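Subject: Structure handover

Hello,

Here is the structure, followed by notes on what turned up in it. Please read the notes with the coordinates open.

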Amino acid sequence: MSGWGKAALAERAIGGRVPGARLRWVRMDLGDLGSLAGVVGELGVDRLDAVVLNAGVLVSGRERRVSAQGHELMFATNHLGHFALVGHLAPVLAAGGNGRVVTVGSFAARSERMDLDDVQSEVDYRSKRTYARSKLAQMLFGFELDRRLRARGAAIASIVAHPGGALDSLTPSRPPLFVRTAAERVRGLSAGVLLHGKHAGARTIVRAVLDADIDGGQLWGPRVFGLRGQPHRETPHAHMTDPDTAVTVWAVSSALTGIDPIGRLPT
């Protein structure tokens, strides 16, 4: 099923579970910067309360793949697309007065460091490492965005969250969107000691959107070793918030996308 077909199916499924829900989906490809400029027009709104930056594509295999603009595909989709999207959405996020940007990072970013001389893995491409670095770039962006929003005096909070270890095999069936097989249930039995399902991982992200007591610049994740359990506030590792690294990643991202998200805010 195409992504658009899944979106329409999700819209119908949510509408069936939440009568009266106001739903809309729009076509965009975070891996293609050219598809993002028209998003605000397609949404047809003059204000937006929150945006969740949730893409986390992991490209398997040894071959380095690139986006429509020639950027490494995971870095393009997981980070650059989000960076540009926030820029396009900045005016409608600011219009609401208390907008939120929730950047969804990954537990995998804990063990990685950015290579500022090879941000797109042109020299050293390894699928899982490149994925983790793309998610680290996202998290650096989320914290740097908060610093820049505060300096600007903007009424938008930038919060970073991660779902922990969230597996399909531990996720309850939600037909017709997702059906967990008997084999998947068996595979998930041992993993359930340390990890949880994607429904549980989503709790942290939903709380980051809705909890008025959560401030910009905070990191939220699952309570048990950052892998499973109820949402709680975490202390981010120093390399996730390092201002010097974040400023460099921001400058590289702005150059590659042609956008500065803060520059798109109304004066």
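**Cavities**

Searching the whole structure gives two cavities of 30 Å³ or more. Please keep in mind that this is a predicted model.

The largest cavity has a volume of about 60 Å³. Its lining consists of Val86, Ala90, Leu93, Val101, Leu145, Leu149, Ile156, Pro261, Ile262 and Leu265. H3 and H4 are the elements that give two or more residues to this lining, and H3 gives the most, with three residues. By class, the lining of the largest cavity holds ten nonpolar residues, no polar and no charged ones.

The second largest cavity comes to about 30 Å³. Around this second cavity are Ser106, Phe107, Arg110, Met139, His162, Leu219, Glu234 and Met240. That lining divides into four nonpolar, two polar and two charged residues.

Two of the residues lining the second largest cavity, Leu219 and Glu234, return below as a bridge pair between strands.

**Sheet**

Five strands form an open sheet in the order S1-S2-S3-S6-S7, with mixed pairing. From one strand to the next, the twist averages 25°.

Strand S2 (residues 99-104) and strand S3 (residues 156-161) run parallel and are joined by six bridges. Within this pair, arginine 100 has alanine 157 of S3 as its bridge partner.

S6 and S7, in contrast, pair in the antiparallel sense, over five bridges. Here leucine 219 has glutamate 234 of S7 as its bridge partner. The hairpin of S6 and S7 has three residues between the strands, and phenylalanine 225 in this hairpin takes a positive phi near 55°.

**Helices on the sheet**

Which strands does helix H4 (residues 127-152) lie across? They are S1, S2, S3 and strand S6 (219-224), and H4 runs at about 155° to S3.

**H3 and H8**

At what angle do the axes of helix H3 (residues 73-95) and helix H8 (residues 243-257) cross? The crossing is at roughly 85°, and the two axes come within 10 Å. H3 is therefore roughly perpendicular to H8. On the H3 side the contact is made by Phe75, His79, Leu80, Phe83 and Ala84, and on the H8 side by Val249, Trp250, Ser253, Ser254, Leu256 and Thr257. The residues of this contact divide into seven nonpolar, four polar and no charged.

**Recap**

For quick reference:

- Largest cavity: about 60 Å³, with ten nonpolar lining residues.
- Second largest cavity: about 30 Å³, with two charged residues in the lining.

Regards

Conventions. Residues are numbered from 1 along each chain as its sequence is written. This is a predicted model: local features need pLDDT of at least 70, side-chain atom pairs count only at pLDDT 80 or more; totals for chains, interfaces and linings use all residues. Side-chain values use heavy atoms; hydrogens and water are left out. Axes are lines fitted to C-alpha atoms, for helices over the stretch in contact, and angles run from 0 to 180 degrees between N-to-C directions. Helices (H or I, at least four residues) and strands (E, at least two) are DSSP runs, numbered from the N terminus. Angles under 35 degrees count as roughly parallel, over 145 as roughly antiparallel, 65 to 115 as roughly perpendicular and the rest as oblique. Contact means heavy atoms within 4.5 Å. Ala, Val, Leu, Ile, Met, Phe, Trp, Tyr, Cys and Pro count as nonpolar, Asp, Glu, Lys and Arg as charged, and the others, Gly among them, as polar. Two strands pair if DSSP finds at least two bridges between them. On a 1 Å grid over the protein atoms alone, a cavity is a set of points where a 1.4 Å probe fits but cannot get out, and a pocket is an open set with protein on both sides within 12 Å along at least five of seven lines; lining residues have an atom within 4 Å of a point. Grid points are joined across faces, edges and corners, and a volume is the space filled by probe spheres set on the points.
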